[in-house]
Amino acid sequence: MDTTWQSRLQAIPRLHMAEYPTPLEPLPRLGQELGRQVWVKRDDLLGPGLGGNKTRKLEYLLAEAQERKARKVVTFGGLQSNHARLTAAAANRLGLETHLFYFDPRPQRLTGNLLINHLLGAKMHFIPLGGGGSGMTLETTIRLVRWVALLMVGKHYFIPVGGHHWLGCLGYVQAALEIDAQAREKGIEQATLITAAGSGGTLAGLMAGLALVNSPLKLLGIDVGKLWKGFPASIALLAGEICSHLGRPRSFTPEEVPLIENTYVGERYGLPSPDGLAAMHLLAHTEGLLLDPVYTAKAFAGLLDLVRRDRIKKDTPLIFLHTGGVPALFAFQKGELLHD
Ligand SMILES: Cc1ncc(COP(=O)(O)O)c(C=O)c1O
């Protein structure tokens, strides 16, 4: 096996902000209800400031920020962005000043992730341009925000929305290797791995990683936002960039991106969907495991629907990648999280 890409990967500077591997746990009571094996990969347990999937990306991105001797870090996202909260927490560990940009009006009360940002001392900039679905591509949006940030903050290290950058997504190449090894060890190497897709970097990193090790795992991303024009093309481009930077150039077409768009988003990004709420309640009641209404609940609703409609072969085990996000729960009122 050609392992030069693995030595390249190991040589890229990375901070240590969490313990790996994260657990891969069975969900036996839910599995019994669904009539198949269901497992959860606990990336919700990762890292500082209540953690989540962005820790894996920030370990690479902030290592570069440190190398460049940055004093300020800038990123942006939706009002309940977990990525923004985790960036602020991780940057504090390095003594960096964090600036977070939101393209919504400043809410009257800071709740959920916004409240934690406040506690972490991050500087929040609210520019009311109507966040949540610009109708632009990810790449154009990132370029525009980068300019705004330069004008408003001056010199800084810029992190695209959700850490959507090949360097950060190496964290999910590492995760792909980790999950592939754990699945083999548990005898579920033919499983389908399901994750939420917001900015698509987690999915891109996993696509690249699983392809690099020729893993038999199948991958499926569930779009939770309807946020970006040409979303599959952006994910394909990113997965290709990751492989090139590891010295194993390979291109992916948008059609090769295993993404279900639009189906499980509900009305829009950030608003709980009825199926997502039902999924949240089911998992909480059967396994005592919490999801968030913005990302993981919608992805889990997708998993449940695909199983119930026999869209995933009967004997295929399922691995749900829990990407975190639970702090957003505290931005909602009880009435908003009820379901029939
Ligand atoms: C809890 C949670 N799950 C999933 C995602 C999606 O990850 P990605 O942006 O890499 O698609 C995000 C961030 O967008 C998130 O905060």
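1. A quick word on terms before we start: two strands pair if DSSP finds at least two bridges between them, and helices (H or I, at least four residues) and strands (E, at least two) are DSSP runs numbered from the N terminus. With that in hand, Lys72 has Glu97 in β4 as its bridge partner. Strand β3 (residues 72–76) and strand β4 (residues 97–102) pair in the parallel sense over five bridges.

2. Some ground rules for reading the numbers. This is a predicted model, in which local features need pLDDT of at least 70 and side-chain atom pairs count only at pLDDT 80 or more, while totals for chains, interfaces and linings use all residues. Residues are numbered from 1 along each chain as its sequence is written, and side-chain values use heavy atoms, with hydrogens and water left out.

3. On the domains: the assignment (automatic or from a database) gives domain 1 (4–51 + 165–337) and domain 2 (54–163). Their C-alpha centres lie 22 Å apart. Domain 1 puts 45 residues into the contact and domain 2 puts in 39, where contact means heavy atoms within 4.5 Å.

4. Now the sheets. One is open, with four strands in the order β5-β4-β3-β6 and parallel pairing; its edge strands, β5 (123–126) and β6 (157–158), each pair on one side only. Another open sheet has six strands, ordered β1-β2-β10-β7-β8-β9, with mixed pairing. Here β1 (24–26) and β9 (259–260) are the edge strands. Within this sheet, β7 pairs with strand β10 (residues 318–322) in the parallel sense over three bridges, and Thr192 stands opposite Leu318 of β10.

5. Where does the ligand lie? Both domain 1 and domain 2 give residues to the shell around the ligand, so the ligand lies between them. Of the 15 residues around the ligand, Lys54, Lys57, Ser199, Thr202 and Thr323 come nearest (near means a heavy atom within 4 Å). The shell residues divide into three nonpolar, ten polar and two charged; Ala, Val, Leu, Ile, Met, Phe, Trp, Tyr, Cys and Pro count as nonpolar, Asp, Glu, Lys and Arg as charged, and the others, Gly among them, as polar.

6. A polar side-chain atom of Lys54 lies 2.9 Å from a ligand oxygen atom, and a polar backbone atom of Gly200 is 2.8 Å from a ligand oxygen atom. For Gly201, a backbone N or O atom lies 3.4 Å from an oxygen atom of the ligand. Taken alone the ligand exposes 380 Å², and the protein buries 98% of that (Shrake-Rupley method, 1.4 Å probe). The elements giving two or more residues to the shell are α3 (54–67), β7 (192–197) and α8 (201–212).

Definitions and conventions. A polar contact is a pair of N or O atoms within 3.5 Å; within protein, one must be able to donate a hydrogen and the other to accept it, and residues adjacent in sequence count only if both atoms are side-chain atoms.
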